[in-house]
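Hi,

Here is the structure I promised to pass on.

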Amino acid sequence: MNQYLAITSRGLENLLAEELEQLGAQQIQVVHAGVRFKAAQAEAYRCCLWTRVASRIIQVLGEFDVRDDMDLYLGATAINWPNYFSSNTRIIVDFNGTNREIRNSQYGALKVKDAIVDRFTKADMPRPNIDRQNPDLRIHMRLSGEKGVLGLDMAGSGLHQRGYRTDAGKAPLRETHAAALVMKSGWTSEKPLLDPMCGSGTLLIEAAMIAADIAPGIKRKRWGFESIKDFDRETWLEIHAEANVKARRGPAKVETKFFGREQDRRVLSIARANAARAGVSELIDFDYGDATQLMCPTGFENGVILCNPPYGERLGTTPELISLYTEFGKRLKLAFTGSSAAIYSASNELLSCLRMRADKQFKLRNGALDCVLKTYLITGGGVQQVEGEAEGKLEETEVAPDFANRLKKNIAKLSKWAKKEGVECYRLYDADLPNYNAAIDKYQDFLVIQEYAAPKSVPEEMARRRLMDILRATIQVTGVENDKVILKVRERQKGKSQYQKLSSAERHMNVNEYGVQLKVNLYDYLDTGLFLDHRITRRKLGEMAKGKDFLNLFAYTGSASVHAACGGAKSTTTVDMSNTYLRWAQDNMALNGQVGRQHQFIQADCLQWLQEVDESFDLIFIDPPTFSNSKRMTQSFDVQRDHIMLMENLKRMLRPGGQIVFSNNKRHFKMDFDKLAELGLTAKNISDKTLPLDFARNKQIHNCWIITHKED
């Protein structure tokens, strides 16, 4: 008997060990991401043909310590390679793993290849050819720490390559992984199986092949072991012929019903074609269907639902996914009571949206992702058909009731106020409850949900679950369509890092604020281009600016300049360091018909520009960052430390009788009145008068001052 290593995904080792034992393997030992075993040649062939879970089976030729590249070379040279394959065999070396000395897998593969070639040439034999595209035999080296295992890949390529799948939908499961999920799901061949989001059909095809007793490797054209010198063709042909007979006869004996539903018709046609190539097309009922409107097929009663719903790589995709999981969970409880479900996902938070208690769970990695398969016994609790409503309309118990109730009260209070005020953008919720640490802003019929970083005392999993509850409850309470809910995860930022760009989709919309049109972008930046808490300040600037020369510093997207221009300013000067935001400011001005030479846009470091410019203005608005040390600025800036320096420069530019509207968002900011008086300036705190109703509970979100130049 030879020694073998069967490789699989982490979490599937015990399942693989059970499978190999049934196939005749002996002296089985579970190892990290694999199973060691011994087998006679016939059993080894049978394991290769019939394993559904192993991704590779390696015949182990050598095991040795690898402290450096010389150990690697000597360990590989110690194997008598000409005993296993001839010089005319085309080979390739696969190298998996690194350690402190062997840091590059390509370098490791090169050292093994050199050792193999040298072993042939020292025996006065021609060297074997290296063929990366179409090798006859793959040499497999596995390095874990300082332990190396070297051998021959019995299959020659990944055992997941069954041969039936030539095309797939997005993010398809590997066939070996799909088979493992089927085997872990609680399904047996006596039960009907439904995949309501079947994609290219892999889960159902693997299950149908199990039920029909079809060997997963039956369609493979070439095997690596056929190029090994001790290949026993007669034994292999006998094993393969036996499997062929089972594959032909098996489907006709299957009474199990399989159902696949998919809402992408192109992918559905791929699933049908894949099933036909696998020889199980007659066993699976594929049909168009939406998982959120799922109905129980005839003949499915008390079956098993198994699926791998989309889960996204970033939480930013979750509004749509939350709705998918939530509605799917409702359908399961409404239409499938008494059945069981097995759902595979990388997101525990999304699985929680099913609102079902799992009875079992299995941690199973999918590539680099940590995923979990949870199984459920479906009961109908917590959801019911709404009486008198159209078919499919469901009602569910309220999510996060404390948060939901607060949001309802805020909506009732603020929606009437906003309509009366003439504003289309306002804050609905601002971390009102400590356990739900987010802000929710309404932009026409869109909602932007911004998560604040949770305190370190709150575990990450709990914070993510609470955010998920916020999203679900917000959608439930407001009825806003999923694609109009935008999630942004943010931390409390210093300086202008809040302007960080998230994408380049450039999706804009125009909103109304006190009769002024402003362009906002809800998707591509952490902020939208409009600071809602400055709404009253902008309106006041419009009232103050008539007939005056107006300067807007640290202008961002120029919304204050727009209000000033629309209020009748003689001229406006808009200064910001970002060309992107200056172009945005120009767009905002043009939206309101404010074009011409009287409106200037200057790209500059505001602090440096202040020290150099010799122009004068009647009205200046400045809303500097709390702190900034941007590389594009010549010096760092702290608003508490440096506000008098700002005023010194601004006074030089301010005409007698002129005014400065100075705003910042530093909590507990203290104005230096004595230094201000020395400059001949007086300050009046108008923070309470510039705080809108929707920010009333956050009284320190900004502070605002009118600073006046005393006339001589």
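Which residues does Ile 284 touch, not counting those up to four places away in sequence? They are Leu 204, Ile 205, Ala 208, Phe 258, Gly 260 and Ala 275, where contact means heavy atoms within 4.5 Å.

Before the rest, some housekeeping. This is a predicted model, in which local features need pLDDT of at least 70 and side-chain atom pairs count only at pLDDT 80 or more, while totals for chains, interfaces and linings use all residues. Residues are numbered from 1 along each chain as its sequence is written, and side-chain values use heavy atoms, with hydrogens and water left out.

Ile 284 is among the residues with the most contacts inside the largest nonpolar core, along with Ile 57, Trp 81, Phe 258, Val 280, Phe 328 and Phe 403. That core has 147 residues. Another core, of 30 residues, lies apart from it and includes Ala 604, Trp 609, Phe 617 and Ile 644. (A nonpolar core is a set of buried Ala, Val, Leu, Ile, Met, Phe, Trp, Tyr and Cys residues joined through side-chain atoms within 4.5 Å; buried means under 20% relative accessible area, exposed over 50%, and partly exposed in between, with a 1.4 Å probe and protein chains only.)

Next, a helix pair. H9 (residues 318-335) and H12 (residues 460-478) pack at about 75°, their axes 10 Å apart, so they are roughly perpendicular to each other (that label covers 65 to 115 degrees). Helices here are DSSP runs of at least four residues, strands of at least two, numbered from the N terminus. Axes are lines fitted to C-alpha atoms over the stretch in contact, and angles run from 0 to 180 degrees between N-to-C directions. From H9, Thr 318, Pro 319, Ile 322 and Thr 326 meet Met 468, Leu 471, Arg 472 and Ile 475 of H12.

Helix H3 (residues 69-77) has Asp 71, Leu 72, Tyr 73, Gly 75, Ala 76 and Thr 77 buried. Among the elements covering them are helix H4 (105-122) and strand E5 (91-96). At the start of H3, a side-chain oxygen of Asp 68 comes within 3.1 Å of the backbone nitrogen of Met 70.

Finally, two loop residues to look at. Gln 444, between strands E18 (438-443) and E19 (446-451), has a positive phi of about 55° although it is not a glycine. Tyr 556, in the loop between strand E23 (549-553) and helix H14 (559-566), also has a positive phi, near 55°. Gln 444 is partly exposed, at 27% relative accessible area, whereas Tyr 556 is buried, at 5%.

Cheers

Terms used:
Parallel < 35°, antiparallel > 145°, perpendicular 65-115°, else oblique. Polar contact = N/O pair within 3.5 Å; in protein donor to acceptor, adjacent residues only side chain to side chain.
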